[in-house]
Amino acid sequence: MGGGTFLQIFLLVDVFIMGVLVAVAVRHANAHFRPAKHEAGKPQPAVADEHLPTAVKEHLLKTSQDQFQLMLERSIGQLQHNLGDTSEQINNLIKNLATEVVSSELEQYRANLGRLHAQAEKDLGGIKQAMDGYQTELRAQVAQELEAEKQQLIKQIDTKLSDAVGSFLIETLQHNVDLGSQAAYLTAVLEEHKADFIREVADEAQPAG
Amino acid sequence: MKLNLQAKVSSPQDLRAITLEVRQYAQWFSQYSIKKRVSSSKSDAPPPMSETGVALIKELTDSKQLSQAGLDELIAALENLETTSPRITITLAAAAPNSLKKTLVAWCREQIEPNILVDFRFNSTLLGGMVVRYGSHVYDWSFRRQILAARGSFPEILRRV
C-alpha cells in the first residue's frame, strides 16, 4: 500500500515537472518563431537596433538562436533522461507491484487451498469413519444372520437325525420284545410310583366313604 | 361277607367267570336240594368248576354248612367285588406270560389294594415297559415314550460317539 502511494506521488511530481518544462519550451518556441507585433498607435520604446550595426545584430541573433537551440537540446536531453529514469522506476515499481500482487494472490491461493484441503480431509475422515461404522455394522449383521442360519440348519439336521434314529430304534425294537426280562424293571417302575397309586386309591375311596 | 381274591383271579373277566361258575353251581345246588327232598333218586353231577371256584366253595363250607343262602351270599359278595374293587389296566408290549402276571398282580395287591383287579393288555408299538391306567390317570412308562422323549438328545449323543 505504501509503495502505491509513493508511486502515485512520484508520478504526479514528474508530470508536474514535465508540464513546467513543456510550458517553458512552448513559451520560448512561441517567442522565437512568432515575435510579438507592436501596436502602431503605441509609442515604441527606443530601439537599440537602430543604433546597432547589422553585423552585430546578426551576431546577437545567431548567438541567441544558438543558445536557445542549446538550451532546448539540453532540456530535451534532460527530459529524455528523466523520462528514461521515470520509465525505469515505473517499470521497477510495476514489477515489484506485480510481484507483490502475485505473491499475495499466491499466498491467498495457498491459504485457500490449504483450507480446502483441510476441509476435504475432514470430510473424507467423516466419510471414512461413517463407512467404517457401516462396514462394521454390516459385518456384524451378516455374521449374526449367518449364525442364525447355521443354527437353524443344525436344528433341522438334528430334528431329522432324531426322527431317523427314533424311527430306527422303534422299528428295530418292535420285533424283539422280551417281557420276561422286563419283570424286574416293571416292578421297579411300579415301586418307584407306589405313592402315586396309593394316593389315587385314597382319593377314590374318600368320596365313597 | 368278606372275600379275599386269589392270585389267579386277577382281572374283571376272571372275576366274572368265577361269579358265573358259582351262580351255575348255586343253580345246580338248588335243583339238587329240591330233588333230594322229593325223591331219593340220584341227581345230576355238579357242573364242572375251575380250581378257583372249587376253592371258593370249599372256603364257604369250611366255616358253615353249604346252603342256598350261603351260595347267594357268596354270589352277592362276588358281584359286590366286581363293582367296588379298584381296577388297574396294565398295557405291555406283548401278551403277558403268567409268571409276569402273577408278579405284577401280587405287587399290586400287596402294595396298593388287596382286592384290586388288574387288566392286562398288549400293544406291540410300546416296544417295552408298560402303560398303566388307574382311574383317570395314565402313566406311560413305555420304551417308545422314552425314546420319543429322548429324541432331542440323540444328536448330542451321536456327536460324542
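Modeller: Let us begin with handedness: a crossing is left-handed if the near helix is turned anticlockwise from the far one by less than a right angle, and right-handed if clockwise. Helices (H or I, at least four residues) and strands (E, at least two) are DSSP runs, numbered from the N terminus. This is a predicted model, in which local features need pLDDT of at least 70 and side-chain atom pairs count only at pLDDT 80 or more, while totals for chains, interfaces and linings use all residues. Residues are numbered from 1 along each chain as its sequence is written, and chains are lettered from A and ligands numbered from 1 in the order in which they are written.

Colleague: At what angle do H1(B) and H3(B) pack, and how far apart are their axes?

Modeller: Two packed helices are described by the angle between their axes and the distance between the axes. Axes are lines fitted to C-alpha atoms, for helices over the stretch in contact, and angles run from 0 to 180 degrees between N-to-C directions. Here H1 (residues 12-38) and H3 (residues 68-84) of chain B pack at about 165°, with axes 10 Å apart. H1(B) is therefore roughly antiparallel to H3(B), given that angles under 35 degrees count as roughly parallel, over 145 as roughly antiparallel, 65 to 115 as roughly perpendicular and the rest as oblique. The crossing of this pair, H1(B) and H3(B), is left-handed.

Colleague: How does H1(B) pass H2(B), in a left-handed or a right-handed crossing?

Modeller: The axes of H1(B) and H2 (residues 51-63) of chain B come within 9 Å and cross at roughly 60°, so H1(B) is oblique to H2(B). The crossing of H1(B) and H2(B) is right-handed. Among the residues that make this contact are Val22(B) and Tyr25(B) of H1(B) and Leu56(B) and Ile57(B) of H2(B), where contact requires C-beta atoms, placed from the backbone, within 7 Å.

Colleague: How many residues of chain B are in contact with chain A?

Modeller: On chain B, 32 residues are in contact with 25 residues of chain A. The largest share of that side of chain B, 5 residues, comes from H4(B). Chain A itself has 4 helices and 0 strands, in the order α-α-α-α along the sequence.

Colleague: In which sense do S1(B) and S2(B) pair?

Modeller: Strands pair if DSSP finds at least two bridges between them; S1 (residues 87-92) and S2 (residues 117-122) of chain B pair in the parallel sense over 6 bridges, and Ile90(B) stands opposite Phe120(B) in S2(B).

Notes
Contact = placed C-beta atoms within 7 Å.
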